[in-house]
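User: Please examine the following model and answer my questions on its salt bridges, strand pairing and pockets.

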Amino acid sequence: QWSFVPSNFVTHSASFDTWVPGPGSFSISHLKNVEGEGSLESNYTALGYAYRFNIKNTVKMQIGLQYQRTVRTIDWSKFIFTDNLDPVHGHVYSTAFISPESIKYNIDNFNFGSVLVISPKLKRMNRCKQYYQLGFSINNLIERNNYGFISHNFNLARKYSFHMQSYLNPFTYRSSLEAIH
């Protein structure tokens with residue numbers, strides 16, 4: 001709930017992910033936005049699968065694929081246009097706006113991502129934990145054209161993201177027995 005927005009903007013979200021037998025994981029998520037007194041509703045549902053494997057003893061890779069379905073609906077009857085308004089009495093007139101036939105559209109698409117984790121062996125590994133992550137993702141693998149409520153000239157472009165992370169904890173201590181195992 002966005003309490004300081006003058007109209008309603010309510011978001012609901014639920015997700016679940018788990019490792020399945022073997023080196024993979026499965027996920028499902030749903031996000032729902034209701035905006036502007038219920039006039040615009042957006043639903044995003046996604047299913048994903050990720051697979052992790054070793055390249056070397058100190059290098060692991062994880063790749064994932066996600067299917068996403070977006071459903072957006074709009075209720076044109078809940079909109080108030082300027083020609084509806086009287087300066088004194090407020091909303092009293094009917095509008096000259098002719099609502100488009102489109103009140104709903106669906107978008108099906110796929111997203112892909114990968115992460116490379118490098119855990120170098122250090123001479124003093126029993127006293128220090130270290131790893132690096134490099135990753136990228138591609139959203140909207142299928143570029144879509146001509147969708148929207150009013151103008152069908154909107155294009156859903158592909159989006160690329162890159163990230164990296166490093167972790168070094170010199171204060172991690174393992175006993176000599178743990179280091180041997």
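Analyst: A salt bridge is a side-chain nitrogen of Lys or Arg within 4 Å of a carboxyl oxygen of Asp or Glu. This is a predicted model, in which local features need pLDDT of at least 70 and side-chain atom pairs count only at pLDDT 80 or more, while totals for chains, interfaces and linings use all residues. Residues are numbered from 1 along each chain as its sequence is written, and side-chain values use heavy atoms, with hydrogens and water left out.

User: Which residue forms a salt bridge with K32?

Analyst: The whole structure holds two salt bridges. The closest N and O atoms of its salt bridge are 3.8 Å apart, and the partner is E41.

User: How many residues apart in sequence are the parts that D108 and R69 tie together?

Analyst: D108 and R69 form a salt bridge whose closest N and O atoms are 2.7 Å apart. D108 has a relative accessible area of 26%, and R69 has 31%. Strands here are DSSP runs (E, at least two residues; helices are H or I, at least four), numbered from the N terminus. Because D108 lies in strand 7 and R69 in strand 4, the parts tied together are separated in sequence by 39 residues.

User: Over how many bridges do strand 4 and strand 7 pair?

Analyst: Two strands pair if DSSP finds at least two bridges between them. Y67 has F110 of strand 7 as its bridge partner. The pairing of strand 4 with strand 7 is antiparallel, and its number of bridges is 15.

User: Which element gives the most to the lining of the second largest pocket?

Analyst: A pocket is found on a 1 Å grid over the protein atoms alone, as an open set of points where a 1.4 Å probe fits, with protein on both sides within 12 Å along at least five of seven lines; lining residues have an atom within 4 Å of a point. The second largest pocket holds about 210 Å³ of space, and its lining includes Y105, I107, N109 and N111. Both strand 4 and strand 7 give two or more residues to this lining. The largest contribution, four residues, comes from strand 7.

User: How much space lies in the largest pocket?

Analyst: Among the 24 residues lining the largest pocket, S27, G48, Y49, L65 and Q66 are the closest to its centre. Its volume is the space filled by probe spheres set on the grid points, which are joined across faces, edges and corners. The space in the largest pocket is about 430 Å³.

Methods: Buried means under 20% relative accessible area, exposed over 50%, partly exposed in between (1.4 Å probe, protein chains only).
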